Amino acid sequence: MNLANLLEPIKKINHALHYLKIEDISINSKKVMPNTLFVAIAGATADGHDYIEEAIRNGATAIIGEKDIEELAIQSLEDEKYVEGMVENRELSIPYIQVENSRKVLANIACQFYGHPSKKKTVIGITGTNGKTTTSFMLKKILEDAGYKCTIFGSICNEVNGQVTDSINTTPDSLELQKNMARSNDDFIIIEVSSHGISQYRIEGIEFDYCLFTNLDHDHLDYHRDMEEYFNVKTLLFQQLKPTGKAIINVLDSWGKKLSEQLIVNGKQIVQLGKDVKLTEHTSSSAILSFNRNQEEVLHLKILGKHNIFNACMALLTAQQLAIPTKKILQSISKFSGVPGRFEMVSHPKGAKIVIDYAHTQGAFSHCLQTIREQGAKRIFHIFGFRGNRDQRKRQPMVEISKDLCDVTLLTLDDLNGIPKESMEQTLYDLHDKVELDRTLAIKQVLEKVEEGDWVCITGKGHEEYKEQFYYPTSTDIETVNFFTKEGTKN
């Protein structure tokens, strides 16, 4: 694509740029090759504007950035001339296009470069504080059982055309997202949409056929000013529905009810958990679902938790919109075996049960621990910690929930994120008197105490690998648990 056509979405059209051919787009100067457009983005730890000269040396055809060219110390651009808001180096013929927001521009030109793939696909976006991952995996299971193929982008992994790769962020950056959507030959694309992904324009330009809202809980308030701002960011996803698109909303959640009312005023088509399907009775693994026209069905789950019943209902309502028969949907859900790190259960040799869960909000804690309590646990041991440089306001309430629902609460280390270990240790002791800073030792300590009928709940990390170095050579909570349970507790 020539540069002039690529810039059409951002209205930076200069017909003199028709002769410049763009074969790739990059935000990493080290990956720049000849005929590449380099987009400079100012990130949390690095500023792409500092690498413009390297991008030029590696063969960049043009540069997009936010900073004024006069602010950039680039020896390669000493001889400049200004043309319609751009700076061109006469010797290298490198246009510099200055924009207000590089992230937003990157998303729009990525859409243009890859041919607006969302227009040609059925795209499903799932947002909310809790439940995005489980709902997306449930929906994928339903669709695949119905004979369809799914591309999925989320916190556990990314899968395109059956090829699975690890995910770095819940929602990939816009360039990666558009590129992989374009190469997808699958029938459906499911995207977990985080509030960071929305506010950082990672999904900018994507047109969605269905958008789901699971719930909203106290989280990410180190990033968002307050819950109202957090909610408002989430609502932006629903502005990207296609004209025929539908919103699937959990109105049993107060924020979901508020969103539903807004969408109705704006003339959006909505389907509501709590109205279009109601839970008349439920246990931790089953529910009687009441649909419109007095139709009732029974939902059975292999995994536990009322929150997972809600997740299943969200997946069911979406699949119904895709004309999959309700009975087939319920059959698929009944066979769903769960997601790594989401209420993942392991048996202890002494007869105790161990749960590993990603829960890191007040609501998620409550759902997880209440579910364990409902299973008739003799005693509940809870191991968790807090991440450094994150919202501190939710810490004490989460400790209180744990102390209220558990027999033993043990605080331990999560990711430090640059906070000194000694400082985090003091923080934990300020919150609670039982602390074992080494996560592997904390798990070992609890597993040595359990008896038949006890439950152990380890929350916060879920499937994620440890970032800190601990005493035992394990890299995840499940590895640590398995290390101590395969042949009894190890020394």
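Start with H4 and H9: H4 passes H9 in a right-handed crossing, meaning that the near helix is turned clockwise from the far one by less than a right angle. You're looking at a predicted model, where local features need pLDDT of at least 70, side-chain atom pairs count only at pLDDT 80 or more, and totals for chains, interfaces and linings use all residues. Residues are numbered from 1 along each chain as its sequence is written, and side-chain values use heavy atoms, with hydrogens and water left out.

Select residues 132-145 for H4 and 306-321 for H9; they pack at about 45 degrees, axes 9 Å apart.

Now show side chains. From H4, Thr134, Thr135, Met138, Leu139 and Ile142 meet H9 residues including Asn308, Asn311, Ala312 and Met314 (contact is heavy atoms within 4.5 Å).

Next, the rings: there are 10 aromatic pairs, counted when ring centres of Phe, Tyr or Trp (its six-membered ring) lie within 6.5 Å. Pick Phe113 and Tyr114, an edge-to-face pair with centres 5.0 Å apart and planes at 90 degrees (edge-to-face is over 60 degrees). Phe113 is buried at 18% relative accessible area (buried is under 20%, with a 1.4 Å probe and protein chains only), and Tyr114 is buried at 19%.

Jump to Phe365 and Phe384, also edge-to-face, at 4.8 Å and 85 degrees. Phe365 sits in helix H11 and Phe384 in strand S20, so this pair ties together parts 19 residues apart in sequence.

Last stop: Tyr471, Tyr472, Phe483 and Phe484, a cluster linked by ring pairs.

Methods
Axes are lines fitted to C-alpha atoms, for helices over the stretch in contact, and angles run from 0 to 180 degrees between N-to-C directions. Helices (H or I, at least four residues) and strands (E, at least two) are DSSP runs, numbered from the N terminus. Rings of Phe, Tyr and Trp (its six-membered ring) pair if their centres lie within 6.5 Å; planes under 30 degrees apart count as stacked, over 60 as edge-to-face and the rest as tilted. Buried means under 20% relative accessible area, exposed over 50%, partly exposed in between (1.4 Å probe, protein chains only).
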